[in-house]
Amino acid sequence: MTHIPGLLDTEAIRKDFPILDRVVHDGKKLVYLDNAATSQKPRQVLDVLAEYYERHNANVHRGVHVLAEEATALYEGARDKIAAFVNAPSRDEVIFTKNASESLNLVANMLGLADEPYRVDHDTEIVITEMEHHSNIVPWQLLAQRTGAKLKWFGLTDDGRLDLSNIEEIITEKTKVVSFVLVSNILGTVNPVEAIVRRAQEVGALVVIDASQAAPHMPLDVQSLQADFVAFTGHKMCGPDGIGVLWGRQELLEDLPPFLGGGEMIETVSMHSSTYAPAPHKFEAGTPPIAQAVGLGAAVDYLTSIGMEKIARHEHAITQYAIQRLQEVPGLKLIGPTTAEDRGAAISFTLGDIHPHDVGQVLDEQGIAVRVGHHCARPVCLRYGIPATTRASFYLYSTPGEVDALVEGLEHVRNFFG
Amino acid sequence: MYQDVILDHYKHPHGRGLRPGDAEVHHVNPTCGDEITLRVRLSGETIEDVSYEGQGCSISQASASVLNELLVGKELGDARRIQETFLELMQSKGRIEPDDAMEEVLEDAVAFAGVSKYPARVKCALLSWMAWKDATAQALGESTDETARKSA
């Protein structure tokens with residue numbers, strides 16, 4: 001095999017992920033290429049989860065006993081870790097949710113309930129893009145339906161990038177909020193944040209960034225993004241499921257109203273009215289996902305110990321190699337940018353007339369796990385006139401050998417249905 | 001899972017294309033984007049035609065072809081029995097090994113027995129059969145809550 005510069009020591013890294021040793025379907029070595037759906041979890045995270053439940057389990061912010069204090073310290077310690085991981089100016093800007101969808105729904109609901117100047121109502125406009133995950137489309141559709149606000153979006157170019165040629169007509173003085181994905185989960189496109197943020201700031205619109213496919217794969221700095229809100233999820237970045245993050249600028253979190261009410265988010269409660277705790281607790285009603293937050297903290301430690309710059313470089317190298325090899329497969333068409341520039345490690349494609357479900361099933365028989373379907377981004381499939389795609393997505397433990405296995409697997413698929 | 005019978009029906013589908021019918025339905029499998037538009041034409045109790053157009057995986061397309069081959073020309077009562085038997089087989093999670101009696105009812109459709117082991121694919125196999133049931137109910141003027149289902 002040719003030497004590819006920029007790769008991590010995957011042999012060492014893969015030892016941290018017990019599941020990668022699995023064999024499936026009578027002795028086939030697992031080739032896990034569904035990382036955009038969820039990542040695998042390293043031993044370091046699994047151990048922390050087990051230890052939390054075995055030694056520290058208690059509810060947070062309530063008891064005075066030793067376990068409650070330990071659980072609270074671990075939970076709040078995880079918040080510190082996440083804040084550092086995304087370079088948040090303050091730990092109080094990190095809200096724990098259950099996933100990125102909940103984070104985005106939380107923002108949409110806050111803005112629907114807010115007073116001026118944030119309030120989204122019938123005279124205002126919301127801007128998204130055609131490459132959003134359903135989780136960054138439907139909450140805004142719901143908000144638009146409830147408030148009468150107009151929902152607008154950026155279209156896509158033929159090569160899988162945002163069409164910003166009409167940015168001044170899309171983002172206008174009426175725009176209250178612009179919400180877009182940093183890295184597309186279906187196309188792999190890395191979007192030009194600066195151009196969009198600059199225009200949004202010109203008209204005084206808030207900027208929400210869905211970083212679900214960015215946070216696991218590249219350094220994420222909420223200050224340099226200059227967004228107002230950034231959402232991501234834990235399970236795609238080596239953490240457990242059931243934990244997501246919403247980062248928001250402190251002054252906004254102070255001004256905006258709570259969405260869910262309950263324990264933990266209050267200051268005082270009487271039968272007539274309540275006052276609320278300061279952020280982030282104002283937005284964390286009820287018992288939070290404690291072990292999951294602690295697990296995400298461990299995941300962030302793990303990723304940081306390897307280095308996000310190095311992970312990004314590794315994935316860039318793998319993506320470059322995968323794009324080159326996949327284009328050798330007859331009948332294969334990439335859906336998304338055809339170079340590794342400004343591109344993440346999720347690679348969608350079609351293979352002649354063979355339906356992605358059939359591609360995925362025959363790959364699975366060979367132990368290769370990919371995702372097939374519309375990837376919760378159906379408008380992208382409609383835009384390119386295809387029912388679905390097959391998607392291979394890579395992570396820090398992915399190897400060039402796995403790319404080769406995929407290419408061989410696709411040859412087998414072609415022979416099978418040819 | 002991919003029996004030769006299934007691949008044959010996929011590559012050479014029976015009765016594909018839309019022809020006049022008494023009712024038309026459009027069904028979607030939202031998890032994977034399989035789609036079918038299906039029409040039923042009845043003459044009294046006899047199924048004169050089941051025509052369809054769709055896109056999707058080999059399982060969903062082959063299943064529609066098998067449906068056309070099995071049901072056209074049948075009396076409604078017999079057709080319903082076939083549909084119910086196929087549904088039972090597909091919901092069996094691989095636990096039913098089709099016997100001779102079942103094979104006599106289902107003919108080529110027994111080839112889908114292996115699909116029932118794959119929960120993600122059962123819906124693909126059932127798509128056209130659910131569409132047929134829905135279209136038949138509409139053609140008979142029965143109310144149905146499954147009309148015009150939209151993708152999620």
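**Note on the predicted two-chain model**

1. A:Phe416 has a relative accessible area of 27% and is therefore partly exposed, a class that lies between buried (under 20% relative accessible area) and exposed (over 50%), with a 1.4 Å probe and protein chains only. A:Phe417, at 8% relative accessibility, counts as buried.

2. The model is predicted: local features need pLDDT of at least 70, side-chain atom pairs count only at pLDDT 80 or more, and totals for chains, interfaces and linings use all residues. Residues are numbered from 1 along each chain as its sequence is written, chains are lettered from A and ligands numbered from 1 in the order in which they are written, and side-chain values use heavy atoms, with hydrogens and water left out.

3. A:Tyr52 and A:Tyr53 make an edge-to-face pair, 5.4 Å from centre to centre with 70 degrees between the planes. A:Tyr52 is buried, at a relative accessible area of 2%. The pair A:Phe416 and A:Phe417 is edge-to-face because the ring planes stand at 80 degrees, with the centres 5.0 Å apart. Ring pairs also link A:Phe17, A:Tyr302, A:Tyr395 and A:Tyr397 into a cluster.

4. The interface of the two chains comes next. Chain A contributes 17 residues to the contact and chain B contributes 21, where contact means heavy atoms within 4.5 Å. The two chains bury about 1400 Å² between them, 51% of it on carbon and sulfur atoms; buried area is the accessible area (1.4 Å probe) that two parts lose on being put together, summed over both.

5. Two salt bridges are counted between chain B and chain A, each requiring a side-chain nitrogen of Lys or Arg within 4 Å of a carboxyl oxygen of Asp or Glu. A:Asp358 and B:Arg121 form a salt bridge in which the closest N and O atoms are 3.2 Å apart. On chain B, helix H1 (4-11), strand E2 (34-43), helix H2 (58-71) and helix H5 (119-139) each supply at least two residues of the side that touches chain A; helices (H or I, at least four residues) and strands (E, at least two) are DSSP runs, numbered from the N terminus. By class, this side of chain B has 12 nonpolar, five polar and four charged residues, with Ala, Val, Leu, Ile, Met, Phe, Trp, Tyr, Cys and Pro taken as nonpolar, Asp, Glu, Lys and Arg as charged, and the others, Gly among them, as polar.

6. Cis peptide bonds in chain A deserve attention. One runs from A:Glu116 to A:Pro117, with omega near 10 degrees, and A:Pro117 lies in the loop between helix H4 (100-113) and strand E5 (125-129). Another joins A:Ala279 and A:Pro280, with omega about 5 degrees; A:Pro280 is in the loop between strand E12 (274-276) and helix H10 (290-306).

7. Positive phi values in residues other than glycine may also be inspected. A:His61 has phi near 60 degrees and sits in the loop between helix H2 (43-56) and helix H3 (66-85) of chain A; A:His61 is partly exposed, at 31% relative accessibility. A:Glu264 has phi near 80 degrees and is placed in the loop between helix H9 (250-255) and strand E11 (266-269) of chain A. A:Glu264 is buried, with a relative accessible area of 15%.

Definitions and conventions: Rings of Phe, Tyr and Trp (its six-membered ring) pair if their centres lie within 6.5 Å; planes under 30 degrees apart count as stacked, over 60 as edge-to-face and the rest as tilted.
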